[in-house]
Amino acid sequence: MSSFTSSGWKVSRSFVPNGPTSPVTLLFDEDNFTQLAGEPAVAWQTPWTQITGLQLTRIGKRAALFATIGGVRYVWRNDRPESFSQLRAEVSGRGGDIKRQPRRLGAVAVALVVLMASFAGGMLLGSNQPTVPTELSNARSVLLTTKDLGSNFIVSTRGVLSGIIPSSSRVLTPTPITKPKPKSAWAKIVSSYESCLGITYASDRMYGGAGQSPDFQVSAPIFSSTQFGGIEIGVTSQYYKTTEMVRKDTRSMQTKNFGSCFATSNVTSMNIYDSLPTPTSNIGFDWQPTVFSKNGWSHGGYAPITVPGINGPLYLGIVEITSGHYETTLAVLVADWKKAQGLVSNLTSTVLARMSPTGATAV
C-alpha cells in the first residue's frame with residue numbers, strides 16, 4: 001500500500017512517561033506505523049508486524065483508532081468529521097476492523113471512572129483540595145502500595161485497568177445524581193447490573209437513584225506483574241460522612257449474586273470502551289475472599305473478559321470491602337484467576353486491617 005498521512009489526533013496514553021499526547025500526526029507506509037507527537041514533534045515508529053488488535057471506530061462524527069503495541073493498548077481520537085473516512089481504507093487494507101458506534105467515546109470514558117467508584121450515586125469529577133482534610137488522609141491510608149505486593153510488582157502507567165481506575169493523582173468529589181439517557185452507553189452499563197440482580201433504578205444503590213455519594217475518593221497507582229500469567233491490580237478508597245451510609249450500602253451488597261452481577265457490569269463497561277459485544281446475561285461468578293478478622297465486610301465476583309490485543313483467557317475480578325466510614329474497591333485483571341485467589345484474599349485482608357484497626361472478617 002502507498003504512504004498515508006493523517007493529522008489532528010490525540011493519543012490517550014503517551015509512548016513514554018510524561019511524553020506528548022497531542023498534536024499527533026499518523027503516518028502509514030508499507031512496513032511501518034509512525035506517530036509524530038508534540039511540538040516540536042517526537043517520532044515513534046513500529047513495524048506493522050508488531051501491531052495487533054488494529055481497529056477503527058466511528059463514534060458520531062468522530063473517529064477512534066485502537067492498536068496494541070508491545071502489549072499496551074493505545075487509542076487515538078480525532079474530532080474532524082473526515083478523519084474516519086480518510087483512515088477507513090488504510091486500516092481495512094492492513095487487516096484492521098472497521099466499526100461504527102452511535103455514541104461518544106468521551107461519555108463512555110467518564111462512565112468507566114464512575115464504575116470503580118462504588119455507590120458514588122453520580123458522576124465524579126477531579127478537584128484540587130487546598131488543604132488535606134483528615135478524612136481524605138485516612139482514605140489514602142487504606143490504599144495498597146508496592147510494599148504490600150512485593151518485589152515482583154511494578155507501578156504501571158499504561159495498564160488496561162487505567163480505563164476504570166482513576167489516576168492516583170486525582171481526588172474525586174461528587175456531582176448530583178442523574179438518570180442515564182435512554183440507549184446511552186451509561187444506560188447499557190446500568191441496565192446490565194440492574195437486570196442481572198432483578199432490581200429497579202429507583203432501588204439501585206450501586207448505579208441508580210438510591211445511590212449516595214462519598215465525600216472523597218482516591219486511588220492507588222495500577223500495579224502489574226508477570227505472575228499468574230500476567231496480572232494488574234487497582235484499588236480505590238472512599239470516605240462517607242456517616243457509618244450508617246456504609247451500613248446501608250453493605251446490606252444492599254449482601255443480595256444474592258451481587259458479586260457476579262457487579263463483575264458482569266464491569267465487563268460490560270470495558271467491552272463498550274473496546275467496541276466489543278457486551279454480555280447478554282450474567283457471565284460472572286460470586287467469589288468470597290478468605291480473611292481472618294472480625295469486623296467489616298468483603299465480597300466479590302469475577303468474570304471472563306476479552307481485551308483486544310491480549311491473548312486469553314483473562315478474568316476481571318472485583319472485590320468490595322466496607323468498614324466504618326470507608327468503602328474500597330479492589331480490581332484485578334489476571335490470566336490465571338484460580339492461582340491468584342490467594343493473593344487477592346491477602347490484599348483484601350490488608351485493606352480491611354487498615355479500614356478497621358481491630359480487624360475484619362468476610363461474611
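Let me begin with strand 14, which is joined to strand 18 (residues 326-334) by nine bridges, the two strands running antiparallel; please keep in mind throughout that this is a predicted model. Within that pairing, Tyr 239 has Tyr 326 as its bridge partner in strand 18.

Strand 14 itself spans residues 231-239, and nine of its nine residues are buried. Both of its faces are covered, with Ile 231, Ile 233, Val 235, Ser 237 and Tyr 239 on one side, and Glu 232, Gly 234, Thr 236 and Gln 238 on the other.

Strand 14 also has other antiparallel partners: four bridges join it to strand 12 (residues 216-219), where Val 218 stands opposite Ser 237, and three bridges pair it with strand 13 (residues 222-225), where Ser 225 stands opposite Ile 231. Strands 13 and 14 form a hairpin with five residues between them, and in that turn Phe 228 has a positive phi of about 55°.

Turning now to the aromatic residues, the count comes to 16 aromatic pairs. One of them is edge-to-face, because the rings of Tyr 193 and Phe 262 have their planes at 80°, with their centres 6.3 Å apart. That pair links helix 5 (residues 185-197), which holds Tyr 193, to helix 7 (residues 258-273), which holds Phe 262, across 69 residues, and both Tyr 193 and Phe 262 are buried.

Tyr 302 and Trp 337, by contrast, are stacked, at 5.0 Å centre to centre and 25° between the planes. Since Tyr 302 lies in strand 16 (residues 297-304) and Trp 337 in helix 8 (residues 337-355), the pair ties together parts that are 35 residues apart in sequence.

Methods. Residues are numbered from 1 along each chain as its sequence is written. This is a predicted model: local features need pLDDT of at least 70, side-chain atom pairs count only at pLDDT 80 or more; totals for chains, interfaces and linings use all residues. Side-chain values use heavy atoms; hydrogens and water are left out. Rings of Phe, Tyr and Trp (its six-membered ring) pair if their centres lie within 6.5 Å; planes under 30 degrees apart count as stacked, over 60 as edge-to-face and the rest as tilted. Buried means under 20% relative accessible area, exposed over 50%, partly exposed in between (1.4 Å probe, protein chains only). Two strands pair if DSSP finds at least two bridges between them.
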